[in-house]
Amino acid sequence: MAHGFSRGGTRIGRALRVPHLSRGGAPHRWRGGFGGAHRARRRRYNLVTMKKSQRLRINEIFHSVQGEGTRTGVRCVFVRLTGCHLRCTFCDTEYAFYEGDWMTLDAVLDRVRQYDCPVVEITGGEPLLQPAVFPLMSRLADECETVLLETSGALSIADVDPRVVRIVDIKCPASGEARSNRWANIGLLTPRDEVKFVLANRSDYEWARDVLARYHLAKRCPVILAPVHGALEPLDLTEWVLEDRLNVRVGVQLHKLIWSPEMRGV
Ligand code: SF4
């Protein structure tokens, strides 16, 4: 979620992939029956049987610049969680639907600290599907200047730590998931949150424009209108926004200009 339209592609990126736990132990040696392989198996077993509130399935953790939203261009550590219950037509983070390894909250925090970065983003997939993401966000907020959450807008944001900046998608019709929008979230938004519409065509734009007017969204928080890469020209979207005098930001995805649009982990 960098919501889907943003971070897809190959496995060639600069991401430090989450190490597979099966490779995490010491070299396999025979020590009266309890070598490194045994310890790795034991650790994996412990993680899988651990309470859901204490473990997270992580797809990748990487260090890049923020590609979208009001913090575009700032250095950021991304923690991508596995799993999503939506299937947006333009999604290019499908690799996050199923791939990932279990990690403890402490292990995730240790990885984030390695980058010495004041900004962290929790993304997916849909990160709010995993119960342990709530304590993770709180612990990150204890340590980091800025914690961002990218969510599909299909689940409640009510229980997110108030120190976290919530970047909430509103799914447009061409995504195929407009019925999943949880409209009650709009009433929970504060001026430090952000709303994002990803638009595939003129119909999506007009739909978003109606939603903006109906909920006075631009008065609640920053609103980003972003074109689906390769489907809608940023120039067209910009001209529509100017013509209609909308108080929004047109978002182009910086990381897709810097790196190949297919590159993963940037
Ligand atoms: S909500 Fe899920 S399916 Fe939709 S773009 Fe985000 S990750 Fe992909």
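Helices (H or I, at least four residues) and strands (E, at least two) are DSSP runs, numbered from the N terminus. Counted that way, the protein has 7 helices and 9 strands. What you are looking at is a predicted model, where local features need pLDDT of at least 70, side-chain atom pairs count only at pLDDT 80 or more, and totals for chains, interfaces and linings use all residues. Residue numbers start from 1 along each chain, as its sequence is written.

Let's start with the sheet. Its 9 strands form an open sheet with mixed pairing, in the order β3-β1-β2-β4-β5-β6-β7-β8-β9. At the edges stand β3 (101–104) and β9 (249–250), each with a single partner strand, so one side of each is left without a neighbour in the sheet. Two strands count as paired if DSSP finds at least two bridges between them. Strand β8 (residues 223–227) pairs with β9 in the parallel sense over 2 bridges, and Leu225 stands opposite Val250 in β9.

Now for what is tucked away. A residue is buried if 20 or more other C-beta atoms lie within 10 Å of its own, exposed if 12 or fewer, and partly exposed in between, with C-beta atoms placed from the backbone. Buried residues make up 41% of the 266 residues in the protein.

Helix α3 (residues 133–143) has Val133, Leu136, Met137 and Leu140 buried. They cover an arc of only 100° around the axis, which puts them on the same side of α3; the arc is that of the directions from the helix axis to the C-beta atoms. Two residues are in contact if their C-beta atoms, placed from the backbone, lie within 7 Å.

| Element | Residues |
|---|---|
| β1 | 55–65 |
| β2 | 75–81 |
| α2 | 105–113 |
| β4 | 119–123 |
| β5 | 146–151 |

Leaving aside neighbours within four places in sequence, Val79 is in contact with Ile58, Ile61, Val108, Val112, Val120 and Ile122.

Val266 is buried, because 20 other C-beta atoms lie within 10 Å. Val266 and Lys256 are 10 residues apart in sequence and 8.8 Å apart in space, C-alpha to C-alpha.
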